[in-house]
Amino acid sequence: MDKTFMLAEHFISINGEGRCAGELALFLRFAGCNLRCDWCDTAWACGMDAPHEAASSDDLIRIAKDAAAQGVRNVTLTGGEPLLQENIRCVMEQLCSMGLRVEIETNGAVSLAPFLNSGAVFTMDYKLPSSRMEQHMRTENFALLGALDCVKFVCGSREDVFRAKEIAEQFRPQCPLYLSPVFGRIDPAEIVEIMKAEKMGNFRLQLQLHKFIWDPNARGV
Ligand code: SF4
């Protein structure tokens, strides 16, 4: 019997962040997360009992085909934590085989090893001290990231920015490094000041576009 996936919502919008920020993407958001970040902006989707529909892989492929027919070339699997969905690798591979660019937004607390060479790329968060989840980070994942992946350090405080620098120096991931301010928690200008003072030329500041275009609390955008 076909496995089902806990699909919390799906919609077409622009990628608000990551390497293809600003490009149209189909978002498949899955319910359930193994973390509880202090500033989570999708807390409604984090419980294993969060509202969702049970979607088969055929359902997901159908949704992706509809999006592709509308000119969408990117699919972002997000959550929650999408890699907790059983058999998600199979979906990743099917979406890639359709010629779509498949991006996995993952929280840094799940091993990437079982998902390598699927064709999908990873935007891996590293949860900094303000999240209160740093102890769950799987730092062995850094060595698994390739040039097409990226690491997103979500910064909710000045301390977070300094910590991001430390982590990058320690693990030296071979991919782009983003600093992403938690909306409303830290002024992006402050992050730029720290980047300058700390010689953080290997990082890029990235604002969450969707928070500026739409209501920061809006869902499905
Ligand atoms: S990992 Fe993401 S979805 Fe999970 S609690 Fe943290 S911010 Fe929310």
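Let's start with histidine 10, which stands opposite leucine 28 in β2. Seven is the bridge count to remember here: 7 bridges join β1 to β2, and the two run antiparallel. When I say two strands pair, I mean DSSP finds at least two bridges between them.

Quick housekeeping. This is a predicted model, where local features need pLDDT of at least 70 and side-chain atom pairs count only at pLDDT 80 or more, while totals for chains, interfaces and linings use all residues. Residues are numbered from 1 along each chain as its sequence is written.

Okay, back to β1. It also joins β3 through 4 bridges, again antiparallel, and there the bridge partner of threonine 4 is serine 56 in β3.

Now zoom out to the whole sheet. It's an open one, with 9 strands in the order β3-β1-β2-β4-β5-β6-β7-β8-β9, and the pairing is mixed. So which strands sit at the edges? Those are β3 (53-56) and β9 (203-205), each pairing on one side only. From one strand to the next, the twist averages 35°. At the β9 end, β8 (residues 177-181) pairs with β9 in the parallel sense over 3 bridges, and leucine 179 stands opposite leucine 205 in β9.

What packs on this sheet? Helix α1 does, touching β1 (4-14), β2 (24-30), β3 and β4 (74-78), and its direction makes about 85° with that of β3. Contact here means C-beta atoms, placed from the backbone, within 7 Å. Angles run from 0 to 180 degrees between N-to-C directions, and axes are lines fitted to C-alpha atoms, for helices over the stretch in contact. Helix α4 (residues 188-197) lies across β7 (150-155), β8 and β9, running at about 160° to β9.

And how do α1 and α2 sit together? Helix α1 (residues 57-69) and helix α2 (residues 88-97) pack at an angle of about 30°, with their axes 10 Å apart. That makes α1 roughly parallel to α2, a label given to angles under 35 degrees. On the α1 side, Ser57, Leu60, Ile61 and Ala64 meet Cys90, Val91, Gln94 and Leu95 of α2. By class, that contact has 6 nonpolar, 2 polar and no charged residues. For the classes, Ala, Val, Leu, Ile, Met, Phe, Trp, Tyr, Cys and Pro count as nonpolar, Asp, Glu, Lys and Arg as charged, and the others, Gly among them, as polar.

Last stop, the ligand. Around it are Cys33, Leu35, Arg36, Cys37, Cys40, Thr42, Cys46, Gly79, Gly80, Glu81 and Asn107, where a residue counts as near if its C-beta atom, placed from the backbone, lies within 6 Å. That shell has 5 nonpolar, 4 polar and 2 charged residues.

Technical notes
Angles under 35 degrees count as roughly parallel, over 145 as roughly antiparallel, 65 to 115 as roughly perpendicular and the rest as oblique. Two residues are in contact if their C-beta atoms, placed from the backbone, lie within 7 Å.
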